[in-house]
Amino acid sequence: MLKKENRLKKNKHFKYIYKNGETKVLNKLCLTYIKTKFKTYKVGFSVSKKIGKSVVRNKVKRRLRQSFICLQNQVNKKYNYIFVAREGIENMSFLEIKENMKNLIKKCELLNENI
RNA sequence: ACAGUUAGCCAGAUGGUCGCAGUAUAGCUAUGAUGGCUAUAAUGAGGAAAGUCCGAGCUUCAUAGAACAGAGUGCCAGUUAACUGCUGGUGAAGGUGACUUCAAGGAAAGUGCAACAGAAAAUAUACCGCCUAAAAGGUAAGGUUGAAAAGGUGGUGUAAGAGACCACCGCUUGUUUGGUGACAAACGAGGCAUUGUAAACCCCACUCGAAGCAAGGUUAAAAGAAACGUUUAUGUUGUUCGCAUUGUUUCUUAAAAACACCGCUUGAUUAUAUUGGAAACAAUAUAACUAGAUAGAUGACCAUCAAAUACAGAACUCGGCUUAUAGACUAACUGUCAAA
RNA sequence: GGAAGAGUGUCAGAGUGGUCGAAUGUGCCAGUCUCGAAAACUGGUGUACUUUAAAAGGUAUCGUGGGUUCAAAUCCCACCUCUUCCG
(Lines give C-alpha, C1' and ligand atoms only; values in the text may rest on other atoms or scores of the structure.)
Protein backbone atom coordinates (compact mmCIF):
# COMPACT_ATOMS: atom_id res chain seq x y z
CA MET A 1 0.00 0.00 0.00
CA LEU A 2 0.91 3.58 -0.34
CA LYS A 3 2.00 5.45 2.74
CA LYS A 4 -0.58 7.61 4.41
CA GLU A 5 1.13 10.87 3.54
CA ASN A 6 1.03 9.98 -0.16
CA ARG A 7 -2.74 9.51 -0.32
CA LEU A 8 -5.29 12.05 -1.40
CA LYS A 9 -8.11 12.07 1.12
CA LYS A 10 -10.18 15.22 1.27
CA ASN A 11 -13.06 15.78 -1.05
CA LYS A 12 -11.93 19.38 -1.33
CA HIS A 13 -8.57 18.40 -2.78
CA PHE A 14 -10.20 16.18 -5.35
CA LYS A 15 -12.51 18.99 -6.40
CA TYR A 16 -9.59 21.42 -6.67
CA ILE A 17 -7.60 19.09 -8.90
CA TYR A 18 -10.57 18.28 -11.12
CA LYS A 19 -11.24 21.99 -11.54
CA ASN A 20 -7.73 23.24 -12.20
CA GLY A 21 -5.75 20.22 -13.36
CA GLU A 22 -4.99 18.86 -16.83
CA THR A 23 -6.59 15.62 -18.00
CA LYS A 24 -5.44 12.96 -20.45
CA VAL A 25 -7.06 9.65 -21.41
CA LEU A 26 -5.59 6.43 -22.73
CA ASN A 27 -7.42 3.16 -23.22
CA LYS A 28 -10.07 3.25 -20.44
CA LEU A 29 -7.81 4.96 -17.93
CA CYS A 30 -7.97 8.68 -17.20
CA LEU A 31 -5.29 10.78 -15.44
CA THR A 32 -5.76 14.23 -13.95
CA TYR A 33 -2.64 15.98 -12.59
CA ILE A 34 -1.45 19.31 -11.17
CA LYS A 35 1.63 20.72 -9.42
CA THR A 36 1.63 19.86 -5.76
CA LYS A 37 1.34 22.32 -2.86
CA PHE A 38 2.31 19.71 -0.26
CA LYS A 39 5.74 18.54 0.75
CA THR A 40 5.42 15.31 -1.27
CA TYR A 41 3.29 14.02 -4.13
CA LYS A 42 -0.22 12.61 -3.49
CA VAL A 43 -2.27 10.05 -5.42
CA GLY A 44 -6.00 9.30 -5.52
CA PHE A 45 -7.99 6.60 -7.27
CA SER A 46 -11.62 6.87 -8.36
CA VAL A 47 -13.74 3.93 -9.47
CA SER A 48 -17.39 4.70 -10.15
CA LYS A 49 -20.43 2.53 -9.64
CA LYS A 50 -20.83 2.07 -13.37
CA ILE A 51 -17.93 -0.37 -13.44
CA GLY A 52 -19.58 -3.03 -11.30
CA LYS A 53 -20.47 -4.27 -7.88
CA SER A 54 -18.39 -3.67 -4.80
CA VAL A 55 -16.25 -6.75 -5.33
CA VAL A 56 -15.31 -5.68 -8.84
CA ARG A 57 -14.66 -2.09 -7.83
CA ASN A 58 -12.39 -3.16 -4.99
CA LYS A 59 -10.46 -5.42 -7.32
CA VAL A 60 -9.92 -2.65 -9.86
CA LYS A 61 -8.82 -0.24 -7.15
CA ARG A 62 -6.29 -2.71 -5.75
CA ARG A 63 -4.84 -3.36 -9.18
CA LEU A 64 -4.49 0.37 -9.84
CA ARG A 65 -2.74 0.86 -6.51
CA GLN A 66 -0.39 -2.02 -7.06
CA SER A 67 0.51 -0.81 -10.55
CA PHE A 68 1.29 2.65 -9.21
CA ILE A 69 3.50 1.22 -6.48
CA CYS A 70 5.54 -0.55 -9.14
CA LEU A 71 6.00 2.73 -11.04
CA GLN A 72 6.39 4.87 -7.90
CA ASN A 73 10.12 5.59 -8.24
CA GLN A 74 9.96 6.60 -11.91
CA VAL A 75 7.31 9.29 -11.47
CA ASN A 76 7.86 13.03 -11.18
CA LYS A 77 7.33 13.79 -7.50
CA LYS A 78 6.32 17.43 -7.82
CA TYR A 79 2.77 16.64 -8.97
CA ASN A 80 -0.52 15.33 -7.56
CA TYR A 81 -2.35 12.62 -9.49
CA ILE A 82 -5.89 11.24 -9.74
CA PHE A 83 -6.53 8.07 -11.72
CA VAL A 84 -10.13 7.52 -12.88
CA ALA A 85 -11.24 4.13 -14.14
CA ARG A 86 -13.67 3.91 -17.05
CA GLU A 87 -16.04 1.15 -18.12
CA GLY A 88 -14.28 -1.88 -19.56
CA ILE A 89 -11.26 -1.81 -17.26
CA GLU A 90 -12.69 -4.66 -15.18
CA ASN A 91 -11.89 -7.09 -18.01
CA MET A 92 -8.18 -6.15 -18.18
CA SER A 93 -5.55 -8.19 -16.37
CA PHE A 94 -3.04 -6.71 -13.93
CA LEU A 95 -0.20 -6.67 -16.42
CA GLU A 96 -2.28 -4.86 -19.04
CA ILE A 97 -3.27 -2.20 -16.53
CA LYS A 98 0.33 -1.72 -15.43
CA GLU A 99 1.58 -1.34 -18.98
CA ASN A 100 -1.28 0.99 -19.81
CA MET A 101 -0.53 3.19 -16.80
CA LYS A 102 3.10 3.44 -17.72
CA ASN A 103 2.25 4.58 -21.23
CA LEU A 104 -0.25 7.09 -19.91
CA ILE A 105 2.28 8.70 -17.60
CA LYS A 106 4.78 8.80 -20.43
CA LYS A 107 2.20 10.53 -22.58
CA CYS A 108 1.90 13.27 -19.97
CA GLU A 109 5.70 13.64 -19.96
CA LEU A 110 5.95 13.08 -16.23
CA LEU A 111 8.08 9.95 -16.41
CA ASN A 112 11.48 10.56 -14.88
CA GLU A 113 13.64 7.76 -16.29
CA ASN A 114 16.94 8.96 -14.90
CA ILE A 115 16.06 8.21 -11.30
C1' A B 1 -28.68 -49.73 -11.45
C1' C B 2 -31.70 -45.50 -12.52
C1' A B 3 -34.95 -41.63 -10.76
C1' G B 4 -36.10 -38.84 -6.53
C1' U B 5 -37.29 -36.75 -1.13
C1' U B 6 -35.47 -34.67 3.46
C1' A B 7 -31.63 -32.97 6.77
C1' G B 8 -26.63 -31.42 7.43
C1' C B 9 -21.41 -29.91 6.25
C1' C B 10 -17.21 -27.39 3.35
C1' A B 11 -16.74 -22.63 0.50
C1' G B 12 -9.55 -23.98 -2.06
C1' A B 13 -4.87 -25.56 0.71
C1' U B 14 0.62 -25.28 1.63
C1' G B 15 5.42 -22.66 1.05
C1' G B 16 8.37 -18.21 -0.49
C1' U B 17 9.27 -12.51 -1.82
C1' C B 18 7.16 -7.33 -1.63
C1' G B 19 3.01 -4.42 0.55
C1' C B 20 -1.74 -2.59 3.85
C1' A B 21 -5.09 -2.02 8.63
C1' G B 22 -6.00 -1.35 13.68
C1' U B 23 -4.04 -3.48 18.53
C1' A B 24 0.17 -4.44 22.14
C1' U B 25 5.40 -3.41 23.47
C1' A B 26 9.94 -0.47 22.66
C1' G B 27 12.34 3.83 20.55
C1' C B 28 12.39 8.73 18.05
C1' U B 29 9.67 13.24 17.07
C1' A B 30 6.37 17.36 18.80
C1' U B 31 0.75 18.87 17.62
C1' G B 32 -4.93 22.88 18.40
C1' A B 33 -5.80 17.48 19.24
C1' U B 34 -5.93 10.84 22.36
C1' G B 35 -1.01 13.39 16.63
C1' G B 36 3.21 11.48 13.25
C1' C B 37 7.40 7.97 12.07
C1' U B 38 10.42 3.29 12.80
C1' A B 39 11.04 -1.87 14.62
C1' U B 40 8.98 -6.54 16.59
C1' A B 41 4.74 -9.76 17.71
C1' A B 42 0.18 -12.26 17.07
C1' U B 43 -4.56 -11.04 14.45
C1' G B 44 -7.49 -9.39 10.03
C1' A B 45 -14.66 -10.31 5.59
C1' G B 46 -19.52 -14.15 4.55
C1' G B 47 -22.86 -18.33 4.14
C1' A B 48 -25.33 -15.34 2.43
C1' A B 49 -21.32 -9.80 4.82
C1' A B 50 -26.47 -8.79 -0.24
C1' G B 51 -31.91 -7.16 -0.51
C1' U B 52 -33.50 -3.65 3.60
C1' C B 53 -38.68 -7.36 3.94
C1' C B 54 -39.87 -8.13 9.48
C1' G B 55 -38.41 -8.06 14.88
C1' A B 56 -35.27 -6.24 18.94
C1' G B 57 -31.08 -3.78 21.58
C1' C B 58 -28.90 1.27 21.70
C1' U B 59 -29.50 6.90 21.15
C1' U B 60 -32.42 11.42 20.84
C1' C B 61 -37.17 13.75 20.94
C1' A B 62 -42.78 17.08 26.25
C1' U B 63 -43.89 13.81 31.52
C1' A B 64 -42.92 8.85 26.92
C1' G B 65 -48.79 12.44 27.55
C1' A B 66 -54.53 12.10 25.72
C1' A B 67 -58.30 11.45 21.78
C1' C B 68 -59.43 10.35 16.78
C1' A B 69 -57.39 8.68 12.40
C1' G B 70 -53.86 5.10 10.52
C1' A B 71 -50.89 0.42 10.11
C1' G B 72 -50.09 -4.81 11.00
C1' U B 73 -51.38 -9.93 12.39
C1' G B 74 -55.42 -13.83 12.09
C1' C B 75 -56.63 -22.77 12.78
C1' C B 76 -54.45 -24.91 17.84
C1' A B 77 -50.46 -25.65 21.43
C1' G B 78 -45.51 -24.59 22.57
C1' U B 79 -40.89 -21.54 22.02
C1' U B 80 -38.20 -16.76 22.12
C1' A B 81 -35.52 -10.47 24.44
C1' A B 82 -38.97 -9.86 20.32
C1' C B 83 -41.26 -11.10 15.61
C1' U B 84 -45.27 -11.48 10.07
C1' G B 85 -39.90 -16.03 12.83
C1' C B 86 -39.17 -21.25 14.55
C1' U B 87 -41.06 -26.33 16.36
C1' G B 88 -44.95 -29.91 16.78
C1' G B 89 -50.08 -30.90 15.74
C1' U B 90 -55.33 -30.14 13.20
C1' G B 91 -57.79 -29.26 8.55
C1' A B 92 -57.50 -28.51 3.13
C1' A B 93 -54.79 -29.18 -1.65
C1' G B 94 -50.89 -31.85 -4.65
C1' G B 95 -47.78 -36.37 -5.46
C1' U B 96 -47.67 -43.91 -7.02
C1' G B 97 -44.49 -42.79 -2.70
C1' A B 98 -40.58 -40.70 0.65
C1' C B 99 -42.79 -35.96 1.29
C1' U B 100 -44.31 -30.91 -0.04
C1' U B 101 -47.50 -26.45 0.00
C1' C B 102 -51.28 -23.09 2.44
C1' A B 103 -52.79 -14.45 4.59
C1' A B 104 -56.47 -21.31 7.15
C1' G B 105 -61.41 -15.95 11.99
C1' G B 106 -66.48 -13.87 10.51
C1' A B 107 -70.80 -13.72 4.34
C1' A B 108 -77.03 -15.73 9.81
C1' A B 109 -74.20 -7.34 12.27
C1' G B 110 -74.48 -4.05 8.07
C1' U B 111 -73.09 -1.84 3.08
C1' G B 112 -71.20 -2.53 -1.85
C1' C B 113 -70.04 -5.38 -6.40
C1' A B 114 -71.25 -9.72 -9.82
C1' A B 115 -69.62 -6.74 -17.04
C1' C B 116 -71.64 -9.43 -21.54
C1' A B 117 -75.12 -13.25 -22.19
C1' G B 118 -79.54 -15.13 -19.98
C1' A B 119 -86.62 -15.69 -18.38
C1' A B 120 -84.11 -14.98 -13.82
C1' A B 121 -77.57 -13.10 -10.67
C1' A B 122 -80.70 -13.54 -4.76
C1' U B 123 -87.43 -10.61 -2.35
C1' A B 124 -88.05 -15.69 -8.23
C1' U B 125 -94.54 -10.92 -10.29
C1' A B 126 -91.59 -17.40 -14.68
C1' C B 127 -89.63 -16.47 -21.39
C1' C B 128 -90.21 -21.29 -23.94
C1' G B 129 -92.30 -25.59 -21.91
C1' C B 130 -95.64 -29.32 -18.88
C1' C B 131 -100.94 -29.83 -16.78
C1' U B 132 -106.34 -28.60 -16.02
C1' A B 133 -111.20 -28.51 -22.68
C1' A B 134 -110.73 -22.71 -22.32
C1' A B 135 -110.47 -18.64 -18.79
C1' A B 136 -108.04 -17.99 -14.30
C1' G B 137 -104.35 -20.65 -12.30
C1' G B 138 -100.86 -24.65 -10.78
C1' U B 139 -95.61 -26.10 -11.53
C1' A B 140 -89.64 -25.51 -10.87
C1' A B 141 -89.16 -31.86 -13.74
C1' G B 142 -86.94 -30.35 -19.16
C1' G B 143 -84.63 -26.04 -22.43
C1' U B 144 -81.24 -21.84 -23.56
C1' U B 145 -77.02 -18.31 -21.03
C1' G B 146 -73.04 -17.94 -17.88
C1' A B 147 -67.46 -18.43 -13.84
C1' A B 148 -71.78 -19.24 -10.81
C1' A B 149 -78.95 -21.06 -11.61
C1' A B 150 -81.66 -22.36 -5.62
C1' G B 151 -78.97 -29.91 -2.58
C1' G B 152 -77.29 -34.70 -6.04
C1' U B 153 -78.64 -39.92 -7.88
C1' G B 154 -82.53 -43.55 -8.02
C1' G B 155 -87.53 -44.59 -6.69
C1' U B 156 -92.70 -43.59 -4.58
C1' G B 157 -96.24 -40.19 -5.83
C1' U B 158 -99.27 -36.73 -9.08
C1' A B 159 -103.69 -33.73 -13.66
C1' A B 160 -98.57 -32.11 -14.39
C1' G B 161 -95.02 -31.57 -10.72
C1' A B 162 -92.33 -30.65 -6.28
C1' G B 163 -87.68 -33.17 0.03
C1' A B 164 -94.35 -33.75 -0.64
C1' C B 165 -92.42 -38.86 0.95
C1' C B 166 -88.37 -42.99 1.00
C1' A B 167 -82.99 -45.08 0.39
C1' C B 168 -77.82 -43.69 -0.18
C1' C B 169 -74.48 -39.38 -0.41
C1' G B 170 -73.76 -34.15 0.86
C1' C B 171 -75.29 -29.97 4.15
C1' U B 172 -77.05 -27.77 8.87
C1' U B 173 -77.69 -28.75 13.90
C1' G B 174 -77.97 -31.34 19.10
C1' U B 175 -75.90 -34.80 22.59
C1' U B 176 -72.13 -38.14 24.23
C1' U B 177 -67.07 -39.93 24.17
C1' G B 178 -61.65 -38.90 23.27
C1' G B 179 -58.10 -34.77 23.18
C1' U B 180 -54.87 -29.02 27.08
C1' G B 181 -56.79 -27.35 22.24
C1' A B 182 -57.64 -26.83 16.88
C1' C B 183 -60.56 -31.07 15.91
C1' A B 184 -62.12 -36.26 15.36
C1' A B 185 -65.54 -40.41 16.06
C1' A B 186 -70.36 -42.40 17.33
C1' C B 187 -75.64 -41.75 17.97
C1' G B 188 -79.86 -38.84 16.92
C1' A B 189 -82.77 -34.58 14.76
C1' G B 190 -83.91 -31.18 10.66
C1' G B 191 -86.02 -31.59 5.43
C1' C B 192 -82.39 -27.99 2.56
C1' A B 193 -84.04 -22.01 4.37
C1' U B 194 -79.08 -18.58 3.73
C1' U B 195 -74.97 -18.20 -4.27
C1' G B 196 -69.87 -15.98 -4.60
C1' U B 197 -66.56 -12.08 -3.07
C1' A B 198 -63.61 -9.70 3.31
C1' A B 199 -55.51 -10.13 -0.99
C1' A B 200 -63.96 -4.84 -1.52
C1' C B 201 -65.50 -1.52 2.71
C1' C B 202 -66.16 -3.69 7.19
C1' C B 203 -67.04 -6.69 12.14
C1' C B 204 -64.43 -9.43 16.08
C1' A B 205 -59.74 -10.52 18.83
C1' C B 206 -54.65 -9.08 19.68
C1' U B 207 -50.34 -5.65 18.77
C1' C B 208 -48.08 -0.77 17.48
C1' G B 209 -45.44 6.86 20.04
C1' A B 210 -41.71 8.72 16.27
C1' A B 211 -37.03 9.09 14.07
C1' G B 212 -32.69 6.67 13.04
C1' C B 213 -25.19 5.80 14.35
C1' A B 214 -25.61 10.77 8.43
C1' A B 215 -28.93 8.67 15.85
C1' G B 216 -26.48 11.39 19.43
C1' G B 217 -22.44 13.25 22.68
C1' U B 218 -17.19 15.67 24.08
C1' U B 219 -13.18 19.46 23.49
C1' A B 220 -12.36 23.98 20.94
C1' A B 221 -15.03 27.86 18.50
C1' A B 222 -12.28 33.87 14.77
C1' A B 223 -14.23 37.22 10.95
C1' G B 224 -17.89 38.54 7.23
C1' A B 225 -22.65 38.21 4.44
C1' A B 226 -27.83 36.82 3.43
C1' A B 227 -32.95 35.04 4.48
C1' C B 228 -37.13 34.23 7.89
C1' G B 229 -39.48 35.84 12.51
C1' U B 230 -41.05 39.17 17.01
C1' U B 231 -45.32 35.41 20.03
C1' U B 232 -44.13 33.74 15.82
C1' A B 233 -40.78 29.90 14.45
C1' U B 234 -38.89 24.95 15.30
C1' G B 235 -39.54 19.94 17.46
C1' U B 236 -42.98 16.05 19.28
C1' U B 237 -45.39 10.51 12.10
C1' G B 238 -51.22 12.72 10.13
C1' U B 239 -55.27 16.05 12.73
C1' U B 240 -56.76 18.33 17.47
C1' C B 241 -55.32 19.26 22.47
C1' G B 242 -51.23 19.41 25.68
C1' C B 243 -45.77 20.09 26.29
C1' A B 244 -40.53 21.89 25.40
C1' U B 245 -36.82 25.59 23.42
C1' U B 246 -35.85 31.47 22.65
C1' G B 247 -33.79 33.29 18.11
C1' U B 248 -33.52 29.79 13.74
C1' U B 249 -31.42 28.53 9.02
C1' U B 250 -27.91 29.05 4.99
C1' C B 251 -23.33 30.67 2.58
C1' U B 252 -17.92 32.41 2.27
C1' U B 253 -12.60 32.53 4.21
C1' A B 254 -8.40 30.19 7.18
C1' A B 255 -6.09 22.49 8.63
C1' A B 256 -11.43 23.00 10.53
C1' A B 257 -16.52 24.17 12.81
C1' A B 258 -16.17 18.73 12.63
C1' C B 259 -13.39 15.73 7.88
C1' A B 260 -10.76 15.51 15.33
C1' C B 261 -12.27 12.27 19.55
C1' C B 262 -16.28 9.21 21.86
C1' G B 263 -20.40 6.15 20.17
C1' C B 264 -17.05 1.24 18.05
C1' U B 265 -17.12 -3.78 19.64
C1' U B 266 -17.35 -8.47 26.13
C1' G B 267 -21.96 -9.78 23.40
C1' A B 268 -29.82 -12.21 24.16
C1' U B 269 -21.04 -13.76 22.15
C1' U B 270 -18.31 -18.28 20.44
C1' A B 271 -16.65 -23.52 21.29
C1' U B 272 -17.13 -28.18 23.97
C1' A B 273 -19.68 -31.34 27.43
C1' U B 274 -23.86 -32.81 30.53
C1' U B 275 -29.07 -32.56 31.89
C1' G B 276 -34.55 -31.59 30.64
C1' G B 277 -37.87 -31.79 26.24
C1' A B 278 -41.01 -35.38 20.70
C1' A B 279 -38.85 -30.70 18.65
C1' A B 280 -38.01 -25.46 18.42
C1' C B 281 -35.46 -24.33 22.73
C1' A B 282 -33.88 -23.91 27.89
C1' A B 283 -30.52 -24.67 32.18
C1' U B 284 -25.62 -25.75 34.21
C1' A B 285 -20.20 -26.30 33.93
C1' U B 286 -15.40 -25.33 31.64
C1' A B 287 -12.52 -22.57 28.19
C1' A B 288 -11.77 -18.40 24.72
C1' C B 289 -11.61 -12.86 23.37
C1' U B 290 -11.79 -13.65 17.40
C1' A B 291 -11.95 -7.01 11.90
C1' G B 292 -13.22 -2.12 13.61
C1' A B 293 -11.80 1.01 8.48
C1' U B 294 -13.51 6.53 7.26
C1' A B 295 -11.19 8.21 -0.62
C1' G B 296 -12.59 3.33 3.26
C1' A B 297 -7.65 -2.24 4.98
C1' U B 298 -6.90 -9.11 2.18
C1' G B 299 -3.40 -7.28 -3.19
C1' A B 300 0.84 -8.51 -6.86
C1' C B 301 4.33 -12.42 -8.49
C1' C B 302 6.29 -17.65 -8.28
C1' A B 303 5.98 -23.09 -7.13
C1' U B 304 3.17 -27.72 -5.79
C1' C B 305 -1.49 -30.33 -5.10
C1' A B 306 -4.57 -34.52 -12.28
C1' A B 307 -7.90 -29.67 -12.99
C1' A B 308 -9.23 -25.05 -10.41
C1' U B 309 -13.22 -22.12 -8.87
C1' A B 310 -19.43 -20.06 -8.14
C1' C B 311 -22.35 -16.22 -5.74
C1' A B 312 -20.01 -12.45 -3.75
C1' G B 313 -16.70 -7.57 0.27
C1' A B 314 -17.96 -5.85 7.33
C1' A B 315 -19.37 0.14 7.93
C1' C B 316 -23.42 0.52 15.38
C1' U B 317 -24.87 -4.64 16.90
C1' C B 318 -27.89 -9.08 17.13
C1' G B 319 -32.45 -12.83 15.81
C1' G B 320 -35.11 -14.27 11.44
C1' C B 321 -37.08 -14.12 6.28
C1' U B 322 -36.08 -13.64 1.01
C1' U B 323 -32.89 -13.85 -3.15
C1' A B 324 -27.80 -15.44 -5.71
C1' U B 325 -24.42 -19.67 -5.68
C1' A B 326 -19.15 -23.53 -9.18
C1' G B 327 -17.68 -27.91 -7.22
C1' A B 328 -17.33 -31.71 -3.40
C1' C B 329 -19.05 -34.73 0.75
C1' U B 330 -22.20 -37.27 4.77
C1' A B 331 -26.71 -39.53 6.80
C1' A B 332 -31.78 -41.30 6.63
C1' C B 333 -35.79 -42.54 3.50
C1' U B 334 -39.06 -43.52 -1.19
C1' G B 335 -40.41 -45.46 -6.15
C1' U B 336 -39.28 -48.45 -10.61
C1' C B 337 -36.48 -52.32 -12.98
C1' A B 338 -33.15 -56.66 -12.68
C1' A B 339 -30.94 -60.81 -10.05
C1' A B 340 -30.61 -64.14 -5.77
C1' G C 1 -24.91 3.51 5.48
C1' G C 2 -30.15 5.15 5.89
C1' A C 3 -35.02 6.97 3.81
C1' A C 4 -38.57 7.65 -0.28
C1' G C 5 -40.64 7.18 -5.36
C1' A C 6 -41.30 5.21 -10.40
C1' G C 7 -41.64 1.28 -14.46
C1' U C 8 -47.90 1.25 -19.91
C1' G C 9 -47.30 1.70 -28.07
C1' U C 10 -41.13 4.94 -31.28
C1' C C 11 -41.27 8.95 -27.45
C1' A C 12 -44.21 11.60 -23.73
C1' G C 13 -48.47 10.39 -20.85
C1' A C 14 -53.96 9.05 -19.09
C1' G C 15 -56.24 4.68 -17.30
C1' U C 16 -63.12 3.07 -11.24
C1' G C 17 -61.31 -4.98 -11.03
C1' G C 18 -65.71 -6.06 -16.43
C1' U C 19 -67.33 -3.80 -24.15
C1' C C 20 -59.20 -2.37 -22.61
C1' G C 21 -54.56 -3.65 -26.99
C1' A C 22 -55.48 0.50 -23.76
C1' A C 23 -57.63 7.77 -24.00
C1' U C 24 -54.69 11.94 -25.74
C1' G C 25 -50.51 14.24 -27.91
C1' U C 26 -45.89 13.18 -30.69
C1' G C 27 -43.52 10.26 -34.47
C1' C C 28 -44.41 7.32 -39.09
C1' C C 29 -47.53 6.19 -43.65
C1' A C 30 -51.33 7.69 -47.30
C1' G C 31 -54.55 11.47 -49.24
C1' U C 32 -56.41 16.87 -49.92
C1' C C 33 -54.09 21.65 -50.91
C1' U C 34 -49.43 23.52 -53.97
C1' C C 35 -45.51 24.52 -59.85
C1' G C 36 -42.86 21.91 -55.61
C1' A C 37 -42.23 21.81 -50.29
C1' A C 38 -43.66 23.51 -45.25
C1' A C 39 -47.94 24.58 -42.41
C1' A C 40 -53.10 23.23 -42.13
C1' C C 41 -57.04 19.54 -42.77
C1' U C 42 -58.76 14.13 -43.37
C1' G C 43 -57.81 8.96 -42.63
C1' G C 44 -54.67 4.93 -40.97
C1' U C 45 -50.78 2.92 -37.73
C1' G C 46 -47.99 -1.24 -31.28
C1' U C 47 -44.91 -5.86 -31.09
C1' A C 48 -44.11 -11.24 -31.42
C1' C C 49 -45.97 -16.00 -32.89
C1' U C 50 -49.69 -18.38 -35.82
C1' U C 51 -53.45 -19.06 -39.91
C1' U C 52 -54.87 -17.63 -45.02
C1' A C 53 -54.10 -16.80 -52.07
C1' A C 54 -55.70 -12.18 -49.81
C1' A C 55 -58.93 -9.75 -46.49
C1' A C 56 -60.69 -10.99 -41.95
C1' G C 57 -59.13 -13.75 -37.69
C1' G C 58 -56.57 -16.63 -33.24
C1' U C 59 -52.86 -16.63 -29.02
C1' A C 60 -49.46 -13.93 -25.90
C1' U C 61 -47.79 -9.24 -24.06
C1' C C 62 -48.79 -2.96 -19.29
C1' G C 63 -40.54 -4.35 -15.81
C1' U C 64 -40.19 -10.18 -14.30
C1' G C 65 -42.34 -14.42 -11.56
C1' G C 66 -46.14 -16.29 -8.33
C1' G C 67 -51.03 -15.75 -5.72
C1' U C 68 -56.47 -13.89 -4.61
C1' U C 69 -60.85 -13.58 -7.96
C1' C C 70 -65.56 -16.17 -12.61
C1' A C 71 -62.29 -12.14 -14.49
C1' A C 72 -56.06 -8.34 -12.80
C1' A C 73 -52.49 -2.87 -16.33
C1' U C 74 -55.54 -2.22 -11.66
C1' C C 75 -55.65 -6.05 -5.37
C1' C C 76 -51.52 -8.97 -2.45
C1' C C 77 -46.37 -11.12 -2.13
C1' A C 78 -41.33 -11.77 -3.91
C1' C C 79 -37.54 -10.22 -7.32
C1' C C 80 -35.18 -6.84 -11.29
C1' U C 81 -34.01 -1.98 -13.21
C1' C C 82 -33.99 3.32 -12.79
C1' U C 83 -34.47 8.05 -10.15
C1' U C 84 -34.49 11.35 -5.91
C1' C C 85 -33.38 12.91 -0.80
C1' C C 86 -30.33 12.83 4.06
C1' G C 87 -23.29 15.14 5.72
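In β2, Tyr-33 is the bridge partner of Glu-22. The model is predicted, so that local features require pLDDT of at least 70 and side-chain atom pairs count only at pLDDT 80 or more, whereas totals for chains, interfaces and linings use all residues. Residues are numbered from 1 along each chain as its sequence is written, and side-chain values use heavy atoms, with hydrogens and water left out.

Strands (DSSP runs of E, at least two residues) and helices (DSSP runs of H or I, at least four residues) are numbered from the N terminus. Four strands make up an open sheet of mixed pairing, in the order β1-β2-β4-β3; two strands are taken to pair if DSSP finds at least two bridges between them. β1 (22-26) and β3 (43-46) are the edge strands, each pairing on one side only. On average, and with direction ignored, neighbouring strands of the sheet are turned by 20° against each other. Strand β2 (residues 29-35) runs antiparallel to β1, and five bridges join the two.

Helix α3 (residues 94-107) packs on the sheet, where it touches β1, β2 and β4, and its direction makes about 140° with that of β1. Helix α2 (residues 54-71) lies across β2, β3 and β4 (79-85) and runs at about 155° to β3. For these angles, axes are lines fitted to C-alpha atoms, for helices over the stretch in contact, and the values run from 0 to 180 degrees between N-to-C directions. Contact denotes heavy atoms within 4.5 Å.

Four bridges pair β3 with β4 in the parallel sense, and Phe-45 stands opposite Phe-83 in β4.

Beyond its neighbours within four places in sequence, Leu-64 contacts Leu-29, Phe-45, Val-47, Ala-85, Ile-89, Ile-97 and Met-101.

Val-84 belongs to strand β4 and counts as buried because its relative accessibility is 18%, the limit being under 20% relative accessible area (1.4 Å probe, protein chains only).

Notes
Chains lettered and ligands numbered in written order. Buried < 20%, exposed > 50% of the residue type's maximum accessible area, 1.4 Å probe, protein only.
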